[in-house]
Amino acid sequence: MSFWGCGDENMRCREVVRKLSAFLDEELSREEYLRVQRHLEVCALCRKEYEKFALVRAVARKLGDITPRVVPGESFSLERAFRLVRRSRVLWALVAVLGLFVALLVFWGWQRASFEDQILDVEHFTAFSKDVLTQSKVRVETLEFLAGEYR
Amino acid sequence: MVSPNGVMRMAEEHVLPLGKTLEEERAWFEAQVKECEAHLLRFAYYLTGNAERAKDLVQEAFLRAFQYRHSFDHRYPFENWVSAILLNIHRQREKKDRFLKFFSALWQAEREDEEEDFAEQLEDEGEGPETIALKRQVIRDVYRCIEGLPPKMKEVMVLCDIMGYSYEEASEVIGCPIGTVRSRLHRARRYVKKALEAAYGDELLGLWG
């Protein structure tokens, strides 16, 4: 008895195993249902598979019978739901305003810092330019003096 | 009530009073919600594995359902329509949560605590302490396997096996053909079966009386 070839001439084990789930739920056409049923009567391997699928289904159904610990505190009311939505919208609006304020603050601080940097840069440049001018003036005077000496 | 063409017809009180006042629509909606709230909470719980998240999910699903109440096709059950909305919200949240996976250690601890209590709720039906302990263990293992399934397979298994939906109803909620539901469910069960085989070996078939 091979797993591939067992059963009636029209239905092989592989095909039967694929239909076991639907067979369990009685969701096959009458013709298919009877063919699977006939096959299961003669094939022990498929019968074992069928029993395993049935076990999985039975346990899952039992799981559904157990009422989970979801206790609806109060029944759903549109009034309360709308109130909650409004509250969450107000909360989000506040968060958005706060975020905007922080962003503005950061931007302002950054602008101020870069403005101060610019002032510093100008001062440095002015000081540097003065030095350069003084130095070049001295250098010119020295050159003139040396030229006079040479002459 | 099923009409000759197979379309589920709803009772008079399930029909949305379109064109009437907002107050009437609200009253109608709240009556529908009362009927299916517990059911949806269970569904959300099995999807999320967490009571607080489940409540939050149901709340949002009802709100969205109310916002889009005029698109509700009253030929189909209200419960399935809200379930489909709930599933969509859950999928969107799952996508967002992928970014937060690095907090998984904390998350896992929270889930394990709930799981322990969850399996303990299985009542002893005069089977003896050993059998009930074994059954609880199997339930825990199956629950863990379902939790670990890829999202699409998990959705189908929760709907068909845990919630007891038919393939047709599940296909309505998920929004895919019945054939897809069938193949996903088969793959999900096969996955759980393999995990149980690996854990219990040949003793698997004797586990559940």
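Helices (H or I, at least four residues) and strands (E, at least two) are taken here as DSSP runs, numbered from the N terminus. With that in hand, chain A reads α-α-α-α along its sequence, with four helices and zero strands.

A quick note on conventions: this is a predicted model, in which local features need pLDDT of at least 70, side-chain atom pairs count only at pLDDT 80 or more, and totals for chains, interfaces and linings use all residues. Residues are numbered from 1 along each chain as its sequence is written, while chains are lettered from A and ligands numbered from 1 in the order in which they are written.

Now to burial in chain A. A residue is buried if 20 or more other C-beta atoms, placed from the backbone, lie within 10 Å of its own, exposed if 12 or fewer, and partly exposed in between. Of the 151 residues of chain A, 15% are buried.

One loop residue deserves a look. A:Glu26 sits between α1 (13-24) and α2 (30-42) of chain A. Its phi is positive, about 55°, although the residue is not a glycine. A:Glu26 is exposed, with 9 other C-beta atoms within 10 Å.

Finally, the interface. Contact means that two C-beta atoms, placed from the backbone, lie within 7 Å. Chain B brings 42 residues to it and chain A brings 29 residues. On the chain B side, α1 (22-48) is one of the helices supplying at least two residues, and α1(B) gives the most, with ten residues.

The classes on that side of chain B are these:

| Class | Members of the class | Count on the chain B side |
|---|---|---|
| Nonpolar | Ala, Val, Leu, Ile, Met, Phe, Trp, Tyr, Cys, Pro | 27 residues |
| Polar | the others, Gly among them | four residues |
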